Amino acid sequence: MGSTMNLLIGLAMGLNLLALGSGRLSAIIRATAVQGVVLGVMPLLLEYTFDWMVALVALVTVAVKGFVIPSLLRRAMRAAKIQREEEPLIGFVPSLLLGAGGTIAAIAGARMLPLLPEHAGTLLVPGSMASILTGLILLIGRVKAISQVCGYLILENGIYLFGLLLIHSTPLLVESGILLDLTVGVFVIGIIVDRIQRAFDSLDTRKLTVLRE
Amino acid sequence: MRENLLIAIPLVGAALAFFWRGDRTRPLLLPAAGILHTGLALWLLVNPPLVSPGAWFGFDPIARAVLPAVSILFLACAVYSVSYLRIRTERSNRVFVASLLAILGLLSAGHQARHLGMLWITTEAVTLAAVPLLHFNGTSRAFEATWKYLLIGGTGIALSLLGSFCLGYASLRGGGTGDLTFVGLIAQGAGLSRPWVLIAWVLLLVGYGTKMGLAPMHTWKPDAYGEAPGIVGAMLAGGVTTVAFTAILRVRAVVSAAGEGAIADRTLLAIGLFSMVVAALFLLGTRDFKRMLAYSSVEHMGILVIGAALGRAGIWAAFFHVWSNCMTKGALFLSAANIRRAAGARTIDEVSGMSAVTPRSAAIFVTGLFAVTACPPFGPFFSELRVVRAAIETGRAGVAAIFLGCLLFAFFGLTRVVFAVVDGRPRTKESKAAGKVNERAGVVLPPLILLGAALWLGLATPHVLTDAWTEAVGRLVTQP
Amino acid sequence: MIIALESAVRLAVWLLLAPLLPGVINKVKAWVAGRRGPPVLQLYFDLARLWRKSVVMSTLASPGFVAGPAIAWVALAGAAMLMPLGPAGGAISFKGDVLLLVYLLALARFCTAWAALETGSAFGGMGAAREVSFAVLSEVALITAVLALSVQTGNITLSEMLSLSVGSGAMLLAAGLFGVLLAENCRVPFDDPNTHLELTMVHEAMVLDHSGPPFAVILHGASIKLLLFAVLLSQVVLPVGKLSPLAGTATLAGAVLAVTVCVGLVESLTARMAFRRVPLILTASFLLCLFALLLALKGGA
């Protein structure tokens, strides 16, 4: 049980680095979607007994994170007619190194935190910290709106992963995290609507600089 | 049961507004809901209901100390918006009215939330509900401002969820049973796992601080306030920020119960002073009078958290300042919106001599300026004075000195912009418009009434309010 | 006497088999593209032809122009003698021989680059600069991989380090080393061995000025290096040393063949990458090796 979960979290960590290193938007979207599915099935592994509620949450998470939002993002990508992240603020190599350093620091740092014995052996906390860091790097370091949204999704995946620690004690709080997906939905709809409304050169957030102090 | 109506009335109103046919009559729902809400809130202020300790929502002393201010501010905005939306007939106001009502309902819920998760859900919902309001003007600059708001605010809100998880884990690690009401967490007190409490405190401070607009998480604020209609600015600066502030207060109480109150106070002081310094510096540089209001808001958020860090007297002063800030910011935003509409521009390079074009709004704007820069006898003067006194009494003279210095610079910055706008000779574009500008009672009275309320707060603070604040302080600070 | 004989046989096997690999790669590429392609033994014919030709020497060049390729070839042949061959082990084996292996590889690269600079031509210098700047990154990955192996086994002797299968870290290490293999041997996506557009060449630009026997030596040395890396990669993943001599040799040969086919497939299916993307892939290889190292450290602790 635990080793399967650790393997999945390790996979999610690898996907973080993949998202950091790839310049193609479609690759980032795919990495994010796969990560969403991987994390979505996680509650089922945590449960020793089958629970309808948890199964439903897992199903909804997989559907939303793995399919609905990625397909919306792909649509936005088509609408905006962009394929690649050309000149990120933080280059691919530095962000990859930052992400890897962060992953290592997360694994090392999580040992210092006081964890309940049943969570001590798992990669839940380091995996979550690594994903949050990756999300923040993408949010800060990329200029294309779609990569930023992917960064937000990865950040959100990290928070969800942390929430799994609490899924037994306060399932409601953890499930409310699905509201964050709503924010992502608003982001993506914003991109699409804006694209339809006006001709916007390349959806480069660096062009959103009229308002500057 | 009545306190739930505070949440239900606006939400029902929002649903009604969404399905209401007829753009002309729909805005009337706003004052209707506003009157009901304000009446109920004031009634509850005078007759506080009993709150069962385990309830997830309730009109507890903290809600009682803050929520009526938001309610009054909303009522003024609602009256104003009837006239405003009559001018803006070129756009459908369906989403605007519905979102504004939804925000009121969610703000009421957020103020009354006594559960960590519920607090987060309402704050998240408020964040999302404000999006259509910010984008109401539909320009590319409005889109840009909305995008920044959502990106920065969304990240902040995500971090505050993480902070909530950490606090939940602190409780679980300390042997908690998953009871995440603030009462339950405070009762667990020293049983909470301290490292997790500290992590949670940092994340929640960053998260809710982003919603409040504390520096350095304030960068969305000037853009959002600059591009959104004045009503939205007033509701964001007076309503949404106070929800985030009460959230920080409630969390601080938990952190303090866990025995880390000193660290929490120190971080609050640092971030508050930093906000004030940043705001004062930007106020000296800005040339746009709507962005000026945003920086002024950053400054006042700094004052609030400094107050929150200064013990009983400081928290009391912070509650006082929430009220005076609500009233003066409302007056300023609404009168600034009038001036902005008449002038057709927002920077002091393009606008001048507005006292000749819109004399009433300009008068309110100038008076509001004196109120917000803490000139006696307006409310902000007395609340800020109490913050300074609390600082000196707790032996933090340095804090008081920086605080006063920032106020001075903010005063310079604000007067510079305001008098450039009001004074002088109208530019040609405005003088042509001068004959046509009709300052209806609907757009002048609401800011005037808010200003009057600010004056009243300063001259004769009602006893019911001081009692409410004292009781709320008693809830938040366990040991004297 | 027997040792000397065995070493000679071993050297002969390395030298004779090495040119087979580029032939296999080209055959795979031709097969994927649906062509017949050159014969598998093409490189042998090329080498023989080059050996018979005369050398064109620049008047500017010092003796290093010829000495460079020669030293590089000797260094690579020496490295090959250190590399254990499954159950047979290495011809020479001592404590810390893995360091010598790394140094010999670096020496070979240095000498090739040196020879490229001898004629003073722009292309030689450009190719050498590119080759060396890629090498900086790939060597880091290689050394990390070596560290991971030595931490895993607690040993710094090559034959010991490779005798143990590394478990879960082996996959990471194999992926990282595969990237290093492609970069070190100038294969697609880092460099295209078939390109003759000067501006995009890396390795080919470096050896542009050589001809005749020195060029044959360079080509042969490159094929030894490819075989060396293929053998290393195979032994990192598979515990060949534990098998019986016959099975071990067969497994090793099969694995080397599989690696070669993989290189061919990668070469057929991907395009050469832009120069500025190359550091990204090499960094990824380095990170893979680094994570393998961390896994090894954690497993040890």
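In the predicted model, the contact between chain A and chain C involves eight residues of chain A and seven residues of chain C. On the side of chain A that touches chain C, two or more residues are given by helix H1 (2-21) and by helix H5 (92-110) of chain A. H5(A) provides the largest share of this side, six residues. Classified by residue type, the side of chain A that touches chain C consists of seven nonpolar residues and one polar residue, with no charged residues.

Chain A is also in contact with chain B, through 32 residues of chain A and 34 residues of chain B. At least two residues each are supplied to the side of chain A that touches chain B by helix H8 (145-163), helix H9 (171-176) and helix H10 (179-197) of chain A. H10(A) gives the most to this side, namely eight residues. The side of chain A that touches chain B comprises 20 nonpolar, eight polar and four charged residues.

Within chain C, the axes of helix H10 (residues 212-237) and helix H11 (residues 245-269) come within 9 Å and cross at roughly 115 degrees. Angles of 65 to 115 degrees count as roughly perpendicular, and H10(C) is therefore roughly perpendicular to H11(C). The crossing of these two helices, H10(C) and H11(C), is right-handed. Of the residues in the contact of H10(C) with H11(C), seven are nonpolar and two are polar, and none is charged.

Key
Residues are numbered from 1 along each chain as its sequence is written. Chains are lettered from A and ligands numbered from 1 in the order in which they are written. This is a predicted model: local features need pLDDT of at least 70, side-chain atom pairs count only at pLDDT 80 or more; totals for chains, interfaces and linings use all residues. Two residues are in contact if their C-beta atoms, placed from the backbone, lie within 7 Å. Helices (H or I, at least four residues) and strands (E, at least two) are DSSP runs, numbered from the N terminus. Ala, Val, Leu, Ile, Met, Phe, Trp, Tyr, Cys and Pro count as nonpolar, Asp, Glu, Lys and Arg as charged, and the others, Gly among them, as polar. Axes are lines fitted to C-alpha atoms, for helices over the stretch in contact, and angles run from 0 to 180 degrees between N-to-C directions. Angles under 35 degrees count as roughly parallel, over 145 as roughly antiparallel, 65 to 115 as roughly perpendicular and the rest as oblique. A crossing is left-handed if the near helix is turned anticlockwise from the far one by less than a right angle, and right-handed if clockwise.
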